[in-house]
Amino acid sequence: NGDSCSMFQLDDGMYHVCVSDGMGSGKQAQAESTLVVDLLEKLLEAGFSRESALKLMNSAMVISAGEESYSTVDFATIDMYTGELELTKTGAAPSFIKSGKQVSVIENESLPAGVDVWQESKHSKNTLQSGDFLVMVTDGVLEYLHVPKPEETMREMILSIKTNNPGILAKKIMDRVMLFTGGRAQDDMTVLAACIWKKA
């Protein structure tokens with residue numbers, strides 16, 4: 001799988017979720033996407049801000065892009081005290097927030113990391129409530145639904161799944177996506193689900 005992901009919490013109460021899709025597939029794509037998530041994790045652990053970490057990661061990808069080393073970056077930070085979600089997309093597929101009986105789609109069109117040292121990532125902010133889900137997917141999941149509006153199909157799919165377990169939600173999404181592909185993954189496919197709960 002050419003996709004990589006990372007989920008970790010720092011001492012400041014910020015929980016980070018990163019999904020990256022390397023260009024192409026196989027070992028080369030995995031090396032690119034792994035570089036992205038590893039760099040972001042190490043930079044944040046070293047004390048860099050989100051913005052600085054993203055810019056340094058992109059610069060590193062540009063420098064190593066002699067062989068067209070590009071990767072998408074879907075990077076979410078959740079403030080575990082306030083529930084505030086900051087989502088940064090760099091060439092990434094849409095993400096989804098499930099809140100009760102509503103599912104919203106977050107789309108931000110931009111180039112992948114490694115294309116342009118001056119490129120700006122697209123940011124969005126939302127506030128999560130207890131029990132809300134964040135669902136992040138790579139483009140292979142949506143592209144091979146083979147429907148006119150894959151984001152809408154995915155939104156309806158997420159809404160129809162009844163569970164309060166993010167692992168089960170991710171598995172059921174992937175199971176339903178595979179029904180559209182005849183049971184075969186024609187591209188790298190990753191579904192990541194996270195849920196936030198209020199401590200009693």
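Guide: Start with strand S1 (residues 3-9) and strand S2 (residues 14-22): they run antiparallel, joined by seven bridges. This is a predicted model, so local features need pLDDT of at least 70 and side-chain atom pairs pLDDT 80 or more, while totals for chains, interfaces and linings use all residues. Residues are numbered from 1 along each chain as its sequence is written, and side-chain values use heavy atoms, without hydrogens and water.

Visitor: What makes S1 and S2 a pair?

Guide: Pairing takes at least two bridges found by DSSP, and S1 and S2 have seven. In one of them, Phe8 is partnered by His16 of S2. The two strands form a hairpin with four residues between them, and Gly13 in that turn has a positive phi of about 85°.

Visitor: Why are H4 and H5 called oblique?

Guide: Their axes, lines fitted to C-alpha atoms over the stretch in contact with angles from 0 to 180 degrees between N-to-C directions, cross at roughly 135° and come within 10 Å. Under 35 degrees is roughly parallel, over 145 roughly antiparallel, 65 to 115 roughly perpendicular, and the rest oblique. H4 and H5 are therefore oblique.

Visitor: Which residues of H4 and H5 make the contact?

Guide: Counting heavy atoms within 4.5 Å, they include Met154 and Met157 of H4 and Ile173 and Phe180 of H5.

Visitor: Why does His146 count as exposed?

Guide: Exposed means over 50% relative accessible area (buried is under 20%, partly exposed in between; 1.4 Å probe, protein chains only). His146 has 55%, so His146 counts as exposed. His146 lies in the loop between helix H3 (139-143) and helix H4 (150-160).
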